[in-house]
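Colleague: Please take a close look at the aromatic side chains of this model, and follow them into the packing of the helices. I would like the cut-offs stated along the way.

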Amino acid sequence: MTPGIVPPFLLDRLAQTDDPRLARAAAAARKTLAMPRPPRPARTRLRLSIDGGALVAEAAPAPDRVVSDANNTENLPGRRVRSEDDAPTGDEAVDQAYDGLGATYDLFWDAFARDGIDAAGGSLLATVHYGDDYDNAFWNGERMVFGDGDGEVFVGFTRSLSVIAHELGHGVTEAAGGLEYQGQSGALNESLSDVFGALAEQHHLGQRADEATWLIGAGIFAPDVQGEALRSMKAPGTAYDDDVLGADPQPGHMRDYVDTADDNGGVHINSGIPNRAFHLAATALGGFAWERAGLIWYRALTAGTLSPTADFRTFAAATLATAASEYGEESEEVAAVRAAWAGVGVMEDAAA
């Protein structure tokens with residue numbers, strides 16, 4: 001099973017349904033679960049802004065996007081169909097992937113001065129129309145890959161900017177040294193991708209932390225599915241409650257941590273805990289979430305001091321140290337980060 005945005009436990013539920021209305025979706029889920037993981041295989045732009053009534057022109061790095069079409073096969077990379085500066089193709093998935101990669105690139109550059117996945121301007125590679133009724137999206141170590149869904153439960157993974165940014169975020173985490181995809185380090189890996197997914201969407205929409213939905217994967221469910229999205233960072237465990245898919249199993253506190261051998265030790269389930277911690281920190285600080293909370297999480301990841309097997313408490317300590325280094329030991333940022341991790345039971349509250 002290829003790790004992807006859709007958790008295997010959710011696909012497993014779908015694969016086992018005997019509802020005749022979802023026969024195609026059940027078959028698609030079984031096929032998606034059985035599919036093996038594929039092998040891994042400087043530009044500038046002028047940006048204009050207004051400062052005090054004056055027009056300011058600034059040279060900035062530009063993304064180098066390459067979108068390919070697998071034509072519903074499992075062959076990667078597929079046929080190149082849109083590259084940087086090409087006009088829209090009219091293929092919804094191709095153009096959504098292209099635009100989503102650009103919006104995610106803009107978040108990383110504007111917020112963190114990071115030039116792409118590798119921080120060196122490398123190409124942003126994506127393949128769409130992967131597989132036949134493929135119910136997932138994933139990062140394969142080289143590119144982002146998106147299925148079209150089955151049309152009955154999932155309706156296309158490029159429809160959600162948070163999904164596109166989530167997969168690109170896996171590449172950033174890998175480039176930063178990686179977090180082992182198992183247990184708590186794997187849940188952190190998933191959570192960081194959700195953080196980047198939420199931030200890319202908020203940055204694109206110009207939303208402040210208190211205005212955002214904090215949903216991951218909104219728009220990829222078919223209308224009859226009883227749910228808003230795959231995950232809620234604001235309220236883990238509330239994203240969906242469907243007759244076929246079941247209820248969202250994510251916990252939002254360590255007291256509800258799920259010990260399981262499935263899903264690489266619960267990487268998609270227990271990521272709800274650090275997800276909620278980030279939401280608590282971001283909303284406590286207010287304003288645009290990428291400016292302070294996002295910067296702290298990003299720098300904790302990319303400082304080069306994080307072990308690939310870091311657990312929640314280790315990462316929490318790294319964010320606290322980063323906040324203190326950036327803003328001072330007695331800063332509101334340190335207080336907000338500490339309270340956020342205390343709020344999900346990972347750290348003790350200094351005020352307690």
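Modeller: Tyr130 and Tyr134 are both buried, where buried means under 20% relative accessible area, exposed means over 50%, and partly exposed lies in between, with a 1.4 Å probe and protein chains only. The model is predicted, and local features are reported only at pLDDT of at least 70 and side-chain atom pairs only at pLDDT 80 or more, whereas totals for chains, interfaces and linings use all residues. Residues are numbered from 1 along each chain as its sequence is written, and side-chain values use heavy atoms, with hydrogens and water left out.

Across the whole structure, a search finds 18 aromatic pairs. One of them joins Tyr130 and Tyr134, whose rings lie 5.1 Å apart centre to centre with 90° between the planes, an edge-to-face arrangement. Rings of Phe, Tyr and Trp (its six-membered ring) pair if their centres lie within 6.5 Å, and planes under 30 degrees apart count as stacked, over 60 as edge-to-face and the rest as tilted. The pair of Trp297 and Phe315 is likewise edge-to-face, because its ring centres are 6.3 Å apart and its planes stand at 70°. This pair links distant parts of the chain, with Trp297 in helix α8 (residues 293-302) and Phe315 in helix α9 (residues 312-327), 18 residues apart; helices (H or I, at least four residues) and strands (E, at least two) are DSSP runs numbered from the N terminus.

Helix α8, which carries Trp297, is largely enclosed by the rest of the structure, because 8 of its 10 residues are buried. Its buried residues include Leu295, Ile296, Trp297 and Tyr298, and the cover over them includes α3 (92-112), α4 (161-175), α5, α7, α9 and α10. Just after α8, Gly304 takes a positive phi of about 90°.

Although Trp214 is not a glycine, its phi is positive, at about 60°, and its relative accessibility of 2% is why Trp214 counts as buried.

Helix α5 (residues 183-205) and helix α7 (residues 272-285) pack at an angle of about 40° with their axes 8 Å apart; axes are lines fitted to C-alpha atoms, for helices over the stretch in contact, and angles run from 0 to 180 degrees between N-to-C directions. Helices α5 and α7 are therefore oblique to each other, since angles under 35 degrees count as roughly parallel, over 145 as roughly antiparallel, 65 to 115 as roughly perpendicular and the rest as oblique. The crossing of α5 and α7 is right-handed, a crossing being left-handed if the near helix is turned anticlockwise from the far one by less than a right angle, and right-handed if clockwise.

The axes of α7 and helix α10 (residues 332-343) come within 8 Å and cross at roughly 145°, again with a right-handed crossing.

Notes. Contact = heavy atoms within 4.5 Å.
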